[in-house]
Every structure is written in C-alpha cells, then in structure tokens.
Amino acid sequence: GFKMGIVGLPNVGKSTLFNALTRTAAAQAANFPFCTIEPNVGDVAVPDARLEKLAEIAGSKQIIPTRMTFVDIAGLVKGASRGEGLGNQFLANIREVDAIAHVLRCFEDGDVTHVENRVDPVADAETIETELMLADIESIDKRLQNIVRKVRGGDKEAVQQERLLRAALAALEDGKPARVVDVDAEDMRAWKQLQLLTTKPVLYVCNVGEEDAAEGNAFSARVAEMAAAEGNAHVVISARIEEEISQLDAEEAQMFLEEMGLHEAGLDRLIRAGYTLLHLETYFTVGPKEARAWTIPSGATAPKAAGVIHGDFEKGFIRAETIAYDDFVTLGGEQAAKEAGKMRAEGKAYVVRDGDVLHFLFNT
Ligand code: GDP
C-alpha cells in the first residue's frame, strides 16, 4: 500500500490530525475497521463517493474502500540530523514513506507553546527541510564512500549510482532539496532507489484555527505560495475541527460541516490531495458480493492493475472486461452496459483509466 508520513515541528497539531484521521467514522469503514498496526501507524479508508454509487447499482452486499497508510512521525526538531530528538530513528521512518504530509502551524494561540516562540509556517517548513537536507548529505557521503571500490572496478550500477549521488549532493550543497535535480527517464528507477528524503513529494497541511477553516488565513496563503513555487501541494485544515468531526456519526458530521461553512471534511481533501500528489488512481471491481476500490499508480497497464489484487492475476492475465465508470452508472449496471456495447475486452497493453470497472480473466 501507499504510505504518507506526517511530520512537523512539535506542537503544530500532528497528533490531533493523526487521531482525527484514524478515528473518523469514514476511516473505519464498516467492513474494515481501522487497525492500529503500531500506535503511530493508521490505515485509513480512501473516501470515494463513486464506490457507494456502484454498490447501490449492483446491489453489492459489501463495500470495501481502498486504503492509505498514515505514519505519525514525531520527534523532528532542529538538530534531528545530528541525532537530537529521536534523530536517526525518525529519519529511518521517513525513508520508508512514499510522500510527506508536512503539518505547519497556521494558528495563533498563546496557550500553545511554539518551539521558536513565533508563528511562521514558512520558516518552520525551512527548518524541517534543512534537517532533511542535512540528513541526505550525510547519507550520500556515507554511500559514496561505500561504493568507491565498486566504481573503480567499473561496476555499471555503482557508476550510475555515483553519478546520481553526486548530482543530488551538488544541489544539496547549493542549499536546495534533491528534488530539483533533473533526472533522465532511464535513471529514474535508480534515482528512486536512492530513497533520498528531499526527493519525496510534500503535501503541506496548513493547520488553521477553527475560525479560519473555511477560508484559510494569511499564514496559509503564504504556505500556498511556497508550495506552488516548489511544485508541491497544500491543503488547509483545522485539526481541531477534524478531531470534533471524528467523534460524530456521518449525519451529524455533515450538519456540523455545513454550520462551519465547509462542504467536505478536511480529511477527505487531505487524502485526495495525497492521491493526486502520488499520482494514484482508482479502479473498481463490482459484483453482488462486494464493490471494491483498488489503488494503482496512474499509467498502470491492465495486468499491473490485476496484480494489485493477486500476483497470479498478473501472471496469468488474459484480458480485462472493462466498463467506464460513467457508462456503468448512466446505463445502470454491467448487464445494461454490455448490451449497449460499452463493455470492452482489453488486452495486456491497455492503460487503465481512473474509475474503470474491471473484471479480469486469467489462466491459473
Ligand atoms: P504535535 O506535537 O504536533 O503532535 O501537536 P498536538 O496535536 O499535540 O497539538 C499541540 C497542541 O496544539 C494541543 O494542545 C492541541 O490541542 C493544540 N492545537 C492543535 N490544533 C490547534 C488549532 O487549530 N488551534 C488551537 N488553538 N490549538 C490547536
């Protein structure tokens, strides 16, 4: 599955957000209760209204949403790369995530201490990014030393690694995150395997006070500007509101949102922003027993998509009976879509589209 690491300075609202994310009724979709893997790891259902629609049309007994994992990575403070705070353990945790949700304090409250005694989300973002850059420099130095021998021996992989590590190092020493490096398509795989912290996509989560939840504020506006300049994403959320919502049932939650002038829970927006940031898409399998959503990287072919369900589906892939979501819904189900000629038989080269309803045929 896909993993998002929640980071941020102390007292910015990370735990509040994490608790809201993992406790909310939507996250604990009936059939798949939220499971705590570790105290700081939560598996959250990806909200998708299309799935309910499909289940309704097909009369599916169960609805199984797709999931995204959130890891609350506490302990990042100034000096973490030198082993302060939780230090290295913390950095190891970040290495494993696909993207970083960076919570920034965009609220003022004299009762909640700010580690630097001022509210300045852009400066906070820089503090954290600096630690991540320092950690990358350190790990690159180590890795360069470790591959010296192989590079001298002419090992092709090591030569490529060295070239990429040096490109990253040049950017970092210039005070820039490694994500600014232009990487050729043929180097992409090796580049990703370096797992540098500052190549991970970042979603800035502006934690605003309750009164600013609908419109954001001057702080979140500055974050939006920064995110756009970096090619990263941002969302505006009030962690406190989300925490309150997480204790309500669906109907109460909707009423509460409307009172606050919000159309949708911030957590839904956050999860969807994560999806977009990670270039993820959803396809569906729909039958009388269950309607289920599955996550794939955008651009995945039909066999790759089948492989998300089971490795054997990919290996023995024959074809995918495919109905576009809109056809399924407007025509009123699989049989009707088939009769209208809207069920396509797609082969190995088919690139799955977001919302496709698929049925795989495969050899065992
Ligand atoms: P963490 O250290 O980043 O995990 O931060 P916490 O989630 O523990 O929050 C730190 C404190 O800030 C707690 O007392 C929260 O209730 C408070 N807090 C979180 N979000 C908001 C907010 O939007 N407004 C205000 N006034 N306080 C908040």
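UniProt, in an unreviewed entry, lists residues 279–362 as "domain: TGS", and in the predicted model examined here this span is 31% helix and 37% strand, with its end C-alpha atoms lying 27 Å apart. The domain assignment of the protein chain gives domain 1, made up of residues 3–115 + 201–277, and domain 2, which covers residues 299–362. Where these two domains meet, five residues of domain 1 are in contact with seven residues of domain 2, and the side of domain 1 that touches domain 2 comprises three nonpolar and two charged residues, with no polar ones.

The largest nonpolar core holds 86 residues, of which Ile6, Leu54, Leu104, Val205 and Cys206 touch the most other members. Helix 4 (residues 121–152) gives the most to this core, with six residues, and the core draws at least three residues from each of domain 1 (3–115 + 201–277) and domain 2 (299–362). The surroundings of Leu104 can be given in detail: leaving aside its neighbours within four places in sequence, Leu104 is in contact with Gly8 and Val12, with Pro121, Asp124 and Ala125, with Tyr204, Val205, Cys206 and Asn207, and with Val223. Among these partners, Val205 and Cys206 are themselves named with Leu104 as residues that touch the most other members of the core.

Turning to the ligand, 16 residues surround it, and the closest are Gly13, Lys14, Ser15, Thr16 and Asp109. By class, the residues of this shell divide into five nonpolar, eight polar and three charged. Helix 1 and helix 8 (239–245) each supply at least two residues of the shell, and the largest share, three residues, comes from helix 1.

Gly13 is found in the loop between strand 1 (3–7) and helix 1 (14–23), whereas Lys14 has its place in helix 1. Gly13 counts as buried because 25 C-beta neighbours lie inside 10 Å, and Lys14 is likewise buried, with 25 other C-beta atoms within 10 Å; the class requires 20 or more. Not counting residues up to four places away in sequence, Gly13 touches Val103, Arg105, Asn207 and Ala239, while Lys14, with its neighbours within four places left aside, is in contact with Ile6, Gly8, Asp72, Ala74 and Val103. Val103 is therefore a contact of Gly13 and of Lys14.

A further pair of residues, Arg67 and Ile271, have Val44 and Val46 among their contacts. Arg67 lies in strand 5 (residues 67–72) and counts as buried, with 20 C-beta neighbours inside 10 Å, whereas Ile271 lies in helix 10 (residues 266–277) and counts as buried with 24 such neighbours. Leaving aside neighbours within four places in sequence, Arg67 is in contact with Gly1, Asp43, Val44, Ala45 and Val46, and Ile271 with Val44, Val46, Pro47 and Met68. Arg67 and Val46 are 21 residues apart in sequence, yet 5.4 Å apart in space, C-alpha to C-alpha. For Ile271 and Val235, which are 36 residues apart in sequence, the C-alpha to C-alpha distance is 10.0 Å.

Methods. Residues are numbered from 1 along each chain as its sequence is written. This is a predicted model: local features need pLDDT of at least 70, side-chain atom pairs count only at pLDDT 80 or more; totals for chains, interfaces and linings use all residues. A nonpolar core is a set of buried Ala, Val, Leu, Ile, Met, Phe, Trp, Tyr and Cys residues joined through C-beta atoms within 7 Å. A residue is buried if 20 or more other C-beta atoms lie within 10 Å of its own, exposed if 12 or fewer, and partly exposed in between; C-beta atoms are placed from the backbone. Helices (H or I, at least four residues) and strands (E, at least two) are DSSP runs, numbered from the N terminus. Domain bounds come from an automatic or database domain assignment. A residue is near a molecule or strand if its C-beta atom, placed from the backbone, lies within 6 Å of it. Ala, Val, Leu, Ile, Met, Phe, Trp, Tyr, Cys and Pro count as nonpolar, Asp, Glu, Lys and Arg as charged, and the others, Gly among them, as polar. UniProt positions are given in the numbering used here, feature names are shortened, and annotations may be inferred rather than shown by experiment.
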